[in-house]
Amino acid sequence: MTSPSIQWYPGHIAKAERSLKEQLKRVDVVLEIRDARIPLATHHPEVDDWLGDKSRVLVLNRVDMISAEARQSWQTWFKEQGQAAYFTNAKQGKGVQNLLRAAQDAGKAMNERRKRRGMKPRPVRAVVIGFPNVGKSALINRLLKRKVVVSERRAGVTRQLRWVRISNEIELLDAPGIIPLKLNDQEVALKLAICDDIGGAAYDTQRVAAAFLDLIQDLDQRDKAGGYEGAIASRYDTPLTSETGEFYTGETYLSILAQRHNDDLERAAHQLLNDFRKGHLGNLVLELPPVPMVEPTSSVAVGQ
């Protein structure tokens, strides 16, 4: 089974992206929402150019779906990059008030400039941006403490930009999910598909499920404390390794799971992906903080 070729760019996203770029001129603060399970894959590569020097608040949503150790590792890594990461669970409201204060603090400079110019203060204008289905609308509903925007666990629900006022101090722009025109990095595309952060029509479910199992094996080798292999074995009562101790390929293990569904590979693939997406496999992250490259030290002759 070859690696899945995944591309997804619905027409409404292209239109929304043009509108978003226009609205950014009016925005003081940008809340960039990412999926805590894949915080690098859910960073749009063009966002940095779009935002320039605007104040930005980095939000890693779905903190409930990652371990405390993974959270600490990512928090440390982002701090080393000069970024403060705010972790939230938009569904339950965890971390939302800290995020609101961060957005207000980031916008204070705007009103200080207005005051120096003899102008009255106005509400801070913030925009919520991120890939589809990372929890933007759920986060806005939590900030407003009522449901004013549609929030569903599937990609492509929000299709138009909309301003909503949270209080006399802050206004939020809810924007549709943004995604690169072309997903050149298929490893990134695969993670987006596994996490349901792009539309299901973009990929072959069986190929993605098999690739997910291969990724799990790779992560288990890199992070023995992550519990990846154990999570799969515990859920399906079947280890990822054969009797000889060798790892099954994702395709082979998926065939084993399909035996429980009358050899229906599609049904087995859906169950596997849904189990991960709903947290039934435990708090598994699909990305680990990058390890810095260590430059080799040059040998120095001594005593010459």
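Two strands count as paired if DSSP finds at least two bridges between them. Strands (E, at least two residues) and helices (H or I, at least four) are DSSP runs, numbered from the N terminus. The model described here is predicted: local features need pLDDT of at least 70, side-chain atom pairs count only at pLDDT 80 or more, and totals for chains, interfaces and linings use all residues. Residues are numbered from 1 along each chain as its sequence is written, and side-chain values use heavy atoms, with hydrogens and water left out.

Strand β2 spans residues 55-61. It pairs with β1 in the parallel sense, over seven bridges. Within this pairing, Ile33 stands opposite Val59 of β2. β2 also runs parallel to strand β3 (residues 85-88), joined to it by four bridges. Here Leu60 stands opposite Phe87 of β3. Five of the seven residues of β2 are buried, so the strand is largely enclosed by the rest of the structure. Buried means under 20% relative accessible area, exposed over 50%, and partly exposed in between (1.4 Å probe, protein chains only). In a regular strand the side chains alternate between the two faces of the sheet.

A second pairing is antiparallel. Strand β5 (residues 162-165) meets strand β6 (residues 170-174) over four bridges. Val164 stands opposite Leu172 of β6. A hairpin of four residues links β5 to β6.

Rolling a probe the size of a water molecule over the atoms shows where empty space is left. A cavity is a set of points, on a 1 Å grid over the protein atoms alone, where a 1.4 Å probe fits but cannot get out; lining residues have an atom within 4 Å of a point. Grid points are joined across faces, edges and corners, and a volume is the space filled by probe spheres set on the points. One cavity of 30 Å³ or more was found. The largest cavity has a volume of about 30 Å³. Its lining consists of Glu32, Ile33, Thr42, His44, Val47, Ile129, Gly130, Phe131 and Ile178. β1 (29-35) and β4 (124-130) each supply at least two of the lining residues. By class, the lining has five nonpolar, three polar and one charged residues. Nonpolar covers Ala, Val, Leu, Ile, Met, Phe, Trp, Tyr, Cys and Pro; charged covers Asp, Glu, Lys and Arg; the others, Gly among them, are polar.

His44, one of the lining residues, sits in the loop between β1 and α2 (47-51). His44 is buried, at 1% relative accessible area. Its contacts (heavy atoms within 4.5 Å) beyond four places in sequence are Glu17, Glu32, Trp50, Phe131, Ile178, Ile179 and Pro180.

Ala269 lies in helix α10 (residues 265-277). Ala269 is buried, with a relative accessible area of 0%. Leaving aside neighbours within four places in sequence, Ala269 contacts Thr205, Gln206, Ala209 and Leu254.

The loop between α9 (250-258) and α10 holds Asn262. Asp263 lies in the loop between α9 and α10. Most residues other than glycine have a negative phi. Asn262 has a positive phi of about 55°, and phi of Asp263 is near 60°. Asn262 is exposed, at 72% relative accessible area. Asp263 is exposed, at 57%.

Key
On a 1 Å grid over the protein atoms alone, a cavity is a set of points where a 1.4 Å probe fits but cannot get out, and a pocket is an open set with protein on both sides within 12 Å along at least five of seven lines; lining residues have an atom within 4 Å of a point.
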